[in-house]
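This report concerns the structure shown below. It takes up selected residues, the nonpolar cores, the aromatic pairs and the backbone in turn.

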Amino acid sequence: MLSENEINRVLVVTAHPDDVDFAAAGSIARFTDRGVEVTYCVATDGDAGGFDRELDNGGMAQLRRTEQTDAAKAVGVTDLRFLGHHDGTVVQSLDLRRDICRVIRQVRPDLVITHTPERNYRFIAPSHPDHRAVGGSTLDAVYPDARNPYTFPSLLLEEGLEAWTVREVWLSGGTTPDHYIDITETFDRKLAALRAHVSQTGHVEGFEDFVRTRFSQTAREAGFGEGRYVEGFQRVSTA
């Protein structure tokens, strides 16, 4: 597994605007604080989210891209890639694998963070079908696609994108986390990132209390004790 000083570039691949902030914004802030280059790749346009349906016909998608851009700034991220797939209809496919493979070869990350492709029966929210499809497609893009120059040959022949091997993947939202990041010192920035998604969180009463409860519970379950906030991941060696 990678040691902390071996992680210099991180790519986060998620289904929707806001997914990274719920799952990993505290960890991302820790990365950027020590100079790690972080890129967000968001698969969908987010147009099926939110509650202000006056913003249909593309307006919600643009709003959510803006919210994600503002949220990213709160944790030190300025490189965002939006793939534009339709919210709520994502399936594992060669097209999605190719799109993610392209970004992997462009960014050339040491570490990829994405959704678990497995259903979580303890806590259903991470099991959105878009999440599972993006997580599965990302793992396929990591292995074998991105490292094989003969997979999606146009990426090399027409776009000049050389093969790249991602050394490790962290999966969020699963039932078997085995790697925990103490985000107590960056928790306020995680909250700021989440609050930037006004269309998703602005209507939720007690939202901050919900977030604090969720990540303090993770801390207790992982043995960090009271007064700490922790994000959990499942580490997958892909070197």
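## Alanine 133 and its contacts

In this predicted model, alanine 133 touches Val90, Val91, Gln92 and Leu96, leaving out residues up to four places away in sequence. Alanine 133 belongs to helix H4, which spans residues 129-145. Its relative accessible area is 6%; because the limit for a buried residue is under 20%, alanine 133 counts as buried. The C-alpha atoms of alanine 133 and alanine 15 are 8.3 Å apart in space, although 118 residues separate the two in sequence.

Leu96, one of the contacts of alanine 133, also receives a side chain from serine 93: the side chain of serine 93 reaches the backbone nitrogen of leucine 96 at 3.1 Å. Serine 93 is placed in the loop between strand S3 (79-85) and helix H3 (94-107). With 24% relative accessibility, serine 93 counts as partly exposed. Between the C-alpha atoms of serine 93 and serine 137 the separation is 7.1 Å, and the two are 44 residues apart along the chain.

## Threonine 14 in strand S1

Threonine 14 is found in strand S1 and is buried, at a relative accessible area of 5%. Apart from residues up to four places away in sequence, threonine 14 touches Asp19, Val20, Cys41, Val42, Ala43, His115 and Val134. From threonine 14 to valine 134 the C-alpha distance is 6.6 Å, across 120 residues of sequence.

## Nonpolar cores

The largest nonpolar core holds 35 residues, of which Val10, Ile28, Phe31, Val38, Tyr40 and Ile113 touch the most other members. Two or more residues come from each of strand S1 (9-14), helix H1 (19-33), strand S2 (37-44), helix H2 (59-74), strand S4 (111-115), helix H6 (187-195) and helix H8 (207-221). Helix H1 gives the largest share of this core, eight residues.

In the largest core, Val38 is among the residues that touch the most other members. Setting aside neighbours within four places in sequence, valine 38 is in contact with Val10, Val12, Ile28, Phe31, Thr32, Val77 and Asp79.

## Aromatic pairs and a charge over a ring

Five aromatic pairs are found in the whole structure. One of them, tryptophan 170 with phenylalanine 233, is tilted, with 5.2 Å from centre to centre and 35° between the planes. Because tryptophan 170 lies in strand S5 (residues 168-172) and phenylalanine 233 in strand S7 (residues 230-237), this pair ties together parts that are 63 residues apart in sequence. Tryptophan 170 counts as buried at 3% relative accessibility, and phenylalanine 233 counts as buried at 0%.

Phenylalanine 187 and tyrosine 229 form a stacked pair, with 4.0 Å from centre to centre and 10° between the planes. This pair ties together parts 42 residues apart in sequence, because phenylalanine 187 lies in helix H6 and tyrosine 229 in the loop between H8 and S7. Both phenylalanine 187 and tyrosine 229 are buried. Elsewhere, Phe22, Phe207 and Phe210 form one aromatic cluster, and lysine 190 lies over the face of phenylalanine 215, at 4.2 Å from the ring centre.

## Backbone features

Most peptide bonds are trans, and most residues other than glycine have a negative phi. Which form does the peptide bond from tyrosine 143 to proline 144 take? This bond is cis, with omega near 15°. Proline 144 lies in helix H4.

Aspartate 18 has a positive phi, near 95°. Aspartate 18 is in the loop between S1 and H1 and is buried, at a relative accessible area of 8%. Arginine 108 also has a positive phi, near 60°. The place of arginine 108 is the loop between H3 and S4, where arginine 108 is partly exposed, at a relative accessible area of 25%.

## Confidence of the model

For the protein chain the mean pLDDT is 95, and 96% of the residues reach 70 or more. Confidence is highest in strand S1, at a mean of 99, and lowest in helix H7 (residues 198-201), at a mean of 90.

Technical notes
Residues numbered from 1 in each chain as written. Predicted model: local features only at pLDDT ≥ 70, side-chain atom pairs only at ≥ 80, totals over all residues. Heavy atoms only, no water. Core = buried A, V, L, I, M, F, W, Y, C linked by side-chain atoms within 4.5 Å. Buried < 20%, exposed > 50% of the residue type's maximum accessible area, 1.4 Å probe, protein only. Helix = DSSP H or I, 4+ residues; strand = E, 2+ residues; numbered from the N terminus. Contact = heavy atoms within 4.5 Å. pLDDT = per-residue confidence, 0-100. Phe/Tyr/Trp six-rings, centres within 6.5 Å; stacked < 30°, edge-to-face > 60°. Lys NZ or Arg CZ within 6 Å of the ring centre and 35° of its normal. Polar contact = N/O pair within 3.5 Å; in protein donor to acceptor, adjacent residues only side chain to side chain.
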